[in-house]
Amino acid sequence: MNQETKTVDRMLIKEQVDSLRDGKVVGYTCTACDKDSITPIVRCPECGSGDITTKIFASTGTILTYTIQRVASELFINDVPYAWIIVQLDDGGPRVTGWIPYVSKPEDVAVGDKVKITTSYKPGFMFEKS
Amino acid sequence: MRKVCVVGVGSTAYGKNKESNREMLTRASLDALEDAGVDPKEVDGAFFGNAFAVTERQGHIGPLVMSALGIPDAPSTTVEAACASAGAAFREAWVNVASGLHDVFLAGGTEKVSTIDTLTATGYFAYGSDYVFEGGNGCSFPGLYAAMATAHMHEHGTTSEDLAEIAVKNHKHAVDNPKAHLQKAVTVEDVLGSMEVASPLHFYDCCPFSDGATAVVLCSEEVAKKLTDTPVYVQGAGRAGSVAALHDRESFTSIPATKRAAAEALKMAGKTVQDIDLFEVHDCFTIAEAIATEDLGLFKPGTGAKQAREGVTYRDGKVPVNPSGGLKAKGHPVGATGTGQIVEAVLQLRGEAGKRQVDGAETVLTHNVGATGGSCAVHIFGRSVA
């Protein structure tokens with residue numbers, strides 16, 4: 001059976017993570033309804049469309065929620081304390097996660113703070129206050 | 001579908017246990033079978049939860065247990081749904097009996113984490129998250145619930161004292177549970193004065209890393225009536241999922257899977273949440289109990305964290321929540337917790353819960369969550385068919 005299949009411009013997660021390390025925010029967008037996602041998808045969770053392509057998003061955003069990590073797993077054991085944050089990217093982009101080094105006091109971070117992505121030496125996004 | 005009953009329960013003590021997973025789960029399973037008056041040879045199969053087989057370098061736990069029980073021919077399957085592993089295992093066993101395919105099934109779970117240090121355990125527990133975007137980029141498992149707590153405080157004005165009151169309640173309940181990991185009362189000052197793990201959560205806002213195993217025997221109503229005059233019925237069984245990554249959720253202060261699984265279970269039982277007498281909910285962290293009780297529809301969004309302070313959720317309160325001590329103080333042997341909640345539900349319905357008995361309990365709801373809500377299992381149990 002010779003079915004026509006749609007080509008989804010899929011990345012390996014490793015490539016995505018590597019690009020994040022360079023501060024380049026590459027994610028996915030649904031061409032049917034404009035839903036954006038940093039998490040890999042092949043069908044749109046909003047409209048069900050399979051027309052998903054990759055897209056480069058803004059590298060600035062606003063903190064939606066956070067925690068100051070004082071006990072970490074092995075990967076980040078030498079970095080405590082630091083803030084782990086969920087960020088709404090600017091220009092209607094997706095939500096992403098990341099961390100801000102050297103945050104130890106409650107007054108150092110707040111919901112609504114503006115942040116921007118910096119080049120990271122760890123997996124995923126590293127942010128600084130902007 | 002057929003009516004299904006729970007006719008036997010078994011549980012090791014929670015805490016540090018010298019025994020291995022195979023020993024603990026075999027003991028819990030045999031205790032459940034003896035409690036039911038069912039010979040192992042009558043068991044058609046089993047589903048067992050076990051999240052961190054790697055701690056003992058021993059996967060494929062089912063056949064070891066079935067062999068030890070003298071029934072190596074009976075099929076067994078390990079279910080992994082993070083902290084909801086045993087709740088999910090129970091659901092699969094229920095499907096096997098309710099469908100008419102089999103008459104008698106075991107459901108249970110086990111976990112052994114005292115063999116690893118805190119650093120290693122912190123790493124393993126993060127494996128249940130979306131590791132690329134959560135665990136692997138700096139968020140510990142407490143950190144994810146801490147981010148939910150920050151959002152709950154920001155949106156609803158919840159305070160650290162409110163959360164501490166939930167820990168105080170569940171610790172108080174656990175004092176009367178001889179199988180609880182932390183049989184010790186704590187004060188609000190103890191909680192707030194304990195080390196901050198991930199702000200705003202303190203050490204005493206978090207459940208302990210526990211060893212333990214639990215098991216229950218499920219059977220058809222027909223078989224149950226031959227065994228006992230007072231079986232406990234599975235009135236409702238609900239399962240649902242949520243998008244795994246917290247950042248992809250519309251809200252950080254609600255778990256969609258809880259709402260969907262509860263709706264399915266309540267519909268099956270023909271009940272509303274107000275018909276339930278007591279709740280065993282997934283309080284891996286204090287904030288988790290607050291959010292669970294809101295998502296179950298017990299309290300308005302944003303008010304779940306105020307209820308322990310007001311006395312509402314104490315064992316003798318209007319809406320008893322976690323009379324066992326919950327994951328918070330009874331303990332959390334990850335792969336065993338879901339069926340452990342069901343053990344408590346059955347003991348309460350039989351009037352065998354000792355000092356922690358909730359008077360006149362006719363209907364109990366159990367709520368078991370995997371990670372931050374990627375998995376959820378809700379079950380409703382009662383002394384009558386429905």
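How many helices and strands does chain A have? This predicted model gives chain A 1 helix and 8 strands.

**View 1. Chain A from end to end.** Starting at the N terminus, the elements of chain A run α-β-β-β-β-β-β-β-β. The C-alpha atoms of chain A fill a box of roughly 60 × 30 × 20 Å along the principal axes. Chain A has 130 residues, and buried residues make up 38% of them. Take the contacts in chain A with a separation of 6 or more: residues 24 or more positions apart account for 50% of these.

**View 2. Where chain A touches chain B.** Here 33 residues of chain A are in contact with 30 residues of chain B. Which elements of chain A each supply at least two residues of this side? They are α1 (13–21), β4 (60–69), β5 (82–89) and β6 (95–100). By class, the side of chain A that touches chain B has 20 nonpolar, 9 polar and 4 charged residues.

**View 3. Two helices crossing in chain B.** Helix α3 of chain B covers residues 85–98, and helix α12 of chain B covers residues 337–350. Their axes come within 5 Å and cross at roughly 70 degrees. Angles of 65 to 115 degrees count as roughly perpendicular, so α3(B) is roughly perpendicular to α12(B).

**View 4. The residues at the crossing.** Which residues of α3(B) meet α12(B)? On the α3(B) side they are B:Ser85, B:Ala86, B:Gly87, B:Ala88, B:Ala89 and B:Phe90. On the α12(B) side they meet B:Thr337, B:Gly338, B:Thr339 and B:Ile342. By class, this contact of α3(B) with α12(B) has 5 nonpolar, 5 polar and no charged residues.

Terms used
Residues are numbered from 1 along each chain as its sequence is written. Chains are lettered from A and ligands numbered from 1 in the order in which they are written. This is a predicted model: local features need pLDDT of at least 70, side-chain atom pairs count only at pLDDT 80 or more; totals for chains, interfaces and linings use all residues. Two residues are in contact if their C-beta atoms, placed from the backbone, lie within 7 Å. Helices (H or I, at least four residues) and strands (E, at least two) are DSSP runs, numbered from the N terminus. Ala, Val, Leu, Ile, Met, Phe, Trp, Tyr, Cys and Pro count as nonpolar, Asp, Glu, Lys and Arg as charged, and the others, Gly among them, as polar. Axes are lines fitted to C-alpha atoms, for helices over the stretch in contact, and angles run from 0 to 180 degrees between N-to-C directions. Angles under 35 degrees count as roughly parallel, over 145 as roughly antiparallel, 65 to 115 as roughly perpendicular and the rest as oblique. A residue is buried if 20 or more other C-beta atoms lie within 10 Å of its own, exposed if 12 or fewer, and partly exposed in between; C-beta atoms are placed from the backbone.
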